[in-house]
Amino acid sequence: MTERSVIHDTFVIERTYPASPSRVFAAFASREAKDAWGDTGDIAEAQPITGPAEFDFRVGGHERFGNVYQGVRLTYDAIYYDIVADQRLVYSYEMYADGVRFSVSVATIEFVETDDGTTLTWTEQGAYLDGVDGPDAPRLREGGTSEMLDGLAKYLA
């Protein structure tokens with residue numbers, strides 16, 4: 001019998017970008033834009049999975065994709081619950097390794113206009129399942145998200 005466990009974690013990352021909320025929000029709203037800034041680090045070196053990917057940016061829409069990294073098939077499956085243009089995104093996503101779900105998360109991304117441009121606040125609540133991603137899963141996810149947001153800064157520059 002498989003030992004079952006769950007690690008719960010919440011992290012918050014705040015960044016300020018020298019761009020308008022509409023420009024920062026737009027970077028999340030199309031597959032082409034997200035592809036331009038979202039792949040960073042080791043994941044950029046992963047091999048894409050052949051087969052369908054989906055990007056349906058609307059309430060109730062899905063974003064799905066996968067790749068093979070170090071011989072493991074990774075799959076991302078998200079659903080958008082709340083989209084307020086230039087202000088807020090709320091979605092949940094599951095991640096799978098070789099067909100085994102290893103995390104379920106809820107992400108809220110807020111865009112607030114400031115004198116310096118836009119402050120983006122990313123709050124993520126995650127459930128990391130059965131030790132598949134190891135005991136450092138929450139910190140790894142936070143680090144990966146931080147790297148993506150670094151990619152967003154380069155994209156907006």
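The model is predicted, so local features need pLDDT of at least 70 and side-chain atom pairs count only at pLDDT 80 or more, while totals for chains, interfaces and linings use all residues. Residues are numbered from 1 along each chain as its sequence is written, and side-chain values use heavy atoms, with hydrogens and water left out.

Thr 119 lies in strand β8, which spans residues 117-129. Strands are DSSP runs of E with at least two residues, helices are runs of H or I with at least four, and both are numbered from the N terminus. Thr 119 is buried, at a relative accessible area of 13%. Buried means under 20% relative accessible area, exposed means over 50%, and partly exposed lies in between (1.4 Å probe, protein chains only). Leaving aside residues up to four places away in sequence, Thr 119 touches Glu 14, Arg 15, Thr 16, Glu 110, Phe 111, Val 112 and Thr 114. Contact here means heavy atoms within 4.5 Å. With Thr 16, the link is a side-chain to side-chain polar contact of 3.1 Å. A polar contact is a pair of N or O atoms within 3.5 Å; within protein, one must be able to donate a hydrogen and the other to accept it, and residues adjacent in sequence count only if both atoms are side-chain atoms.

Helix α1 covers residues 21-29, and its buried residues are Pro 21, Val 24, Phe 25, Ala 27 and Phe 28. These residues span an arc of only 145° around the axis, so they sit on the same side of α1. The arc is that of the directions from the helix axis to the C-beta atoms.

The structure holds 12 salt bridges. A salt bridge is a side-chain nitrogen of Lys or Arg within 4 Å of a carboxyl oxygen of Asp or Glu. One joins Asp 35 and Arg 31, at 3.9 Å from N to O. Both residues belong to helix α2 (residues 31-38) and are four residues apart, about one turn of the helix. An α-helix has 3.6 residues a turn, so residues three or four places apart point the same way. Asp 35 is partly exposed at 47% relative accessibility; Arg 31 is partly exposed at 36%.

Asp 56 pairs with Arg 58 in a salt bridge, with the closest N and O atoms 2.9 Å apart. Asp 56 is partly exposed at 22%, and Arg 58 is partly exposed at 44%. Another salt bridge links Arg 88 to Asp 82, with a closest N and O separation of 2.5 Å. Asp 9, Arg 139 and Glu 142 are joined in a network of salt bridges.
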